Amino acid sequence: KLAIAGTTNDVAMRGAQPQYLSAAFILEEGLELDVLRRVVASMSAELAICGASIVTGDTKVVPRGTVDRMIINTTGFGRLIKDCSVAHIKPGDHIIVSGSLAQHGACIYAEREEIAINGLISDCCTLWPAVKTLLHADLSIHAMRDATRGGLSAVLNEWALQTGYNIMVQERSIPLTQQVEGFAELLGIDPYILACEGVFVLAVEPQDSSKVIELLYQEGHNDAALVGTVKEREGTDKKPQVILHSAYNTQRLMEFPSGEILPRIC
């Protein structure tokens, strides 16, 4: 599921309909065929959500102990519907997130560290149905990005550096589940840097932000929220920043993630 959703989501974030994928498997000698069948069935079910197809691929079996059971490598192609790129972001744009953050990263971390938290599940899903609805609604969506490695913090800091604008974020507006909040507080982790696999960030013209959120709700993204605004920098002596306004009426920088929070899964 993650192999398919991760790749089709990347295609969708550029405003394109996912159509074709390649899939290459590197399998450890001795891997049970039932495991491979379950994986392939999961991939097929996820492909059906966006109507894409695997059109080419390869399979290699390597000696026992040289890989951890299985590696899947996918590449995706799509048909461009609307060019969504960071180059289109401009001052005044509203920043929207499509749902509660950090559930995937927190879930994987908790699983690997054997920390039991009731109700904590990954947000992994295919985003194309929601993106398709937005693209065909003729809204002024300037950019989209799935908040995967580095989470919301990575997306916004990259956008700030690439555009030269500041991004102002209201902390009280950022959607987090109770499970993620508790997990992050327990371990002292910033939830804004944890990966999502089914949440994306949008830069939208202000007059269309309420309609975008309404359509996201209709597509089942019930925690979609307006979290920030793009601003011109005052002066050029400082690099572009992501500034977080806390619930206590203070400000701090939303720093670019550094280091590895958890071993890579994708």
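Hi everyone! The largest nonpolar core in this predicted model has 36 residues, and Leu-156 and Trp-159 have the most contacts inside it. By nonpolar core I mean a set of buried Ala, Val, Leu, Ile, Met, Phe, Trp, Tyr and Cys residues joined through side-chain atoms within 4.5 Å. Buried is under 20% relative accessible area, exposed is over 50%, and partly exposed is in between, with a 1.4 Å probe and protein chains only.

Which element gives the largest share of this core? That is H5, with five residues. Helices (H or I, at least four residues) and strands (E, at least two) are DSSP runs, numbered from the N terminus.

Leaving aside neighbours within four places in sequence, Leu-156 is in contact (heavy atoms within 4.5 Å) with Ile-95, Ile-167, Val-169, Val-201, Val-242 and Met-254. Another core, of 34 residues, lies apart from that one, and includes Leu-47, Leu-134, Val-204 and Ile-213.

Now look at helix H7, residues 209-218: Ser-209, Val-212, Ile-213, Leu-215 and Leu-216 are buried there. Down the axis of H7, these buried residues fall within an arc of 165°, taken from the directions from the helix axis to the C-beta atoms, so they line one face of the helix. On the other side of H7, Ser-210 and Gln-218 are exposed. Among the elements covering the buried residues are E4, E5 and E7.

A word on the source: residues are numbered from 1 along each chain as its sequence is written, and side-chain values use heavy atoms, without hydrogens and water. Local features need pLDDT of at least 70 and side-chain atom pairs count only at pLDDT 80 or more, while totals for chains, interfaces and linings use all residues.
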